[in-house]
Amino acid sequence: MKLAFIGIGNVGFAIAHKLQQKGHEITIATNDPNSRSVTSALKKNENMTTRSIQDAIGWAEVVFLAVPFGAVKAVVNEIDFEGKTLVDCTNPVGPGISHGLNCEISGSEKIQAWAPSAKVVKAFTIYGYENLQDASFSNYPNKPVMLVAGDDQYAKEQLKPLVEEMGYMYKDIGALDQSLHLEHMTLLWVKMVRRDGHHPNFVWGYMER
Ligand SMILES: NC(=O)c1ccc[n+]([C@@H]2O[C@H](COP(=O)([O-])OP(=O)(O)OC[C@H]3O[C@@H](n4cnc5c(N)ncnc54)[C@H](OP(=O)(O)O)[C@@H]3O)[C@@H](O)[C@H]2O)c1
């Protein structure tokens, strides 16, 4: 698939690099091709290209958003997403690792409001980037789960094979308003690991009978 990445730092690069290795075409959607993260990404993976944000969206089948939440509104403002799937990898994190929107609404729903021409799907947020670089847990029978929320079924179906190629079990948890709960799962992971010293290579599993 043709995949565009707005934001190619820890999270964007981990996903883009993995999916490029699986045979997908990757472009970095940026209006600053000389930025620190773009330069670093192109040095680590020469198969990625760059395009302006609007050009990249026209080219791509799926667009990933992986910039700091505080930058999102300005980044998506006045961009025509042309009805494309926009994978929201961001987390609104406030002071003291709190929910940055006071737990009232998810960041994903805000992004959908700021980018009405996109089909927003929340994914790849419930772990640190370490588990996006490598999702293999070979000593366990089940794969780590990737919980995915969104209002548009086709957008989620587009994402499913990408999630699976990254090494995860794909689980559709319903509409975009479920993202608020994913964002709290993220805060749980972040507080456990970044604040309290748990090992970063730990993931959530889904079991059903
Ligand atoms: N770190 C994690 O473990 C983790 C896990 C899951 C989700 N997330 C979420 O994923 C998002 C990205 O996190 P990250 O750790 O990948 O951050 P990061 O390593 O700092 O990378 C941020 C990326 O966004 C770009 N960017 C920053 N400000 C921008 C702006 N105003 N306009 C356009 N681009 C801008 C940066 O480009 P420059 O080169 O110009 O700086 C860089 O490519 C955040 O929302 C975070 O909450 C993080």
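Q: Which residues is I6 in contact with in this predicted model, leaving aside its neighbours within four places in sequence, and what makes these pairs contacts?
A: In this predicted model, I6 is in contact with A29, I53, V63, F64, L65, A66, V67 and V75 once its neighbours within four places in sequence are left aside. These pairs are called contacts because the C-beta atoms of two residues in contact, placed from the backbone, lie within 7 Å.

Q: What makes I6 stand out in the largest nonpolar core?
A: The core has 58 residues, and I6 belongs with F5, V63, F64, L65 and V87 to the group that touch the most other members.

Q: Why is E78 called exposed?
A: E78 has 9 C-beta neighbours inside 10 Å, and since a residue is exposed if that count is 12 or fewer, E78 counts as exposed. Its place is in the loop between helix 4 and strand 5 (85–88), and its phi is near 70°, a positive value in a residue other than glycine.

Q: Why does N102 count as exposed?
A: N102 has 9 C-beta neighbours inside 10 Å, and because the limit for an exposed residue is 12 or fewer, N102 counts as exposed. This residue lies in the loop between strand 7 (98–99) and helix 5 (107–114), and although it is not a glycine, N102 has a positive phi of about 55°. Most residues other than glycine have a negative phi.

Q: What makes strand 3 (49–51) and strand 10 (169–174) edge strands?
A: Each of them pairs on one side only, in an open sheet of 8 strands whose order is 3-2-1-4-5-8-9-10, with mixed pairing.

Q: What makes up the shell around the ligand, by class?
A: The shell has 12 nonpolar, 10 polar and 2 charged residues, and among the 24 residues that surround the ligand the closest are G9, V11, S37, A71 and T90. Helix 1 (10–21), helix 2 (36–44) and helix 4 (69–76) each supply at least two residues of this shell.

Definitions and conventions: Residues are numbered from 1 along each chain as its sequence is written. This is a predicted model: local features need pLDDT of at least 70, side-chain atom pairs count only at pLDDT 80 or more; totals for chains, interfaces and linings use all residues. Two strands pair if DSSP finds at least two bridges between them. Helices (H or I, at least four residues) and strands (E, at least two) are DSSP runs, numbered from the N terminus. A residue is near a molecule or strand if its C-beta atom, placed from the backbone, lies within 6 Å of it. Ala, Val, Leu, Ile, Met, Phe, Trp, Tyr, Cys and Pro count as nonpolar, Asp, Glu, Lys and Arg as charged, and the others, Gly among them, as polar. A nonpolar core is a set of buried Ala, Val, Leu, Ile, Met, Phe, Trp, Tyr and Cys residues joined through C-beta atoms within 7 Å. A residue is buried if 20 or more other C-beta atoms lie within 10 Å of its own, exposed if 12 or fewer, and partly exposed in between; C-beta atoms are placed from the backbone.
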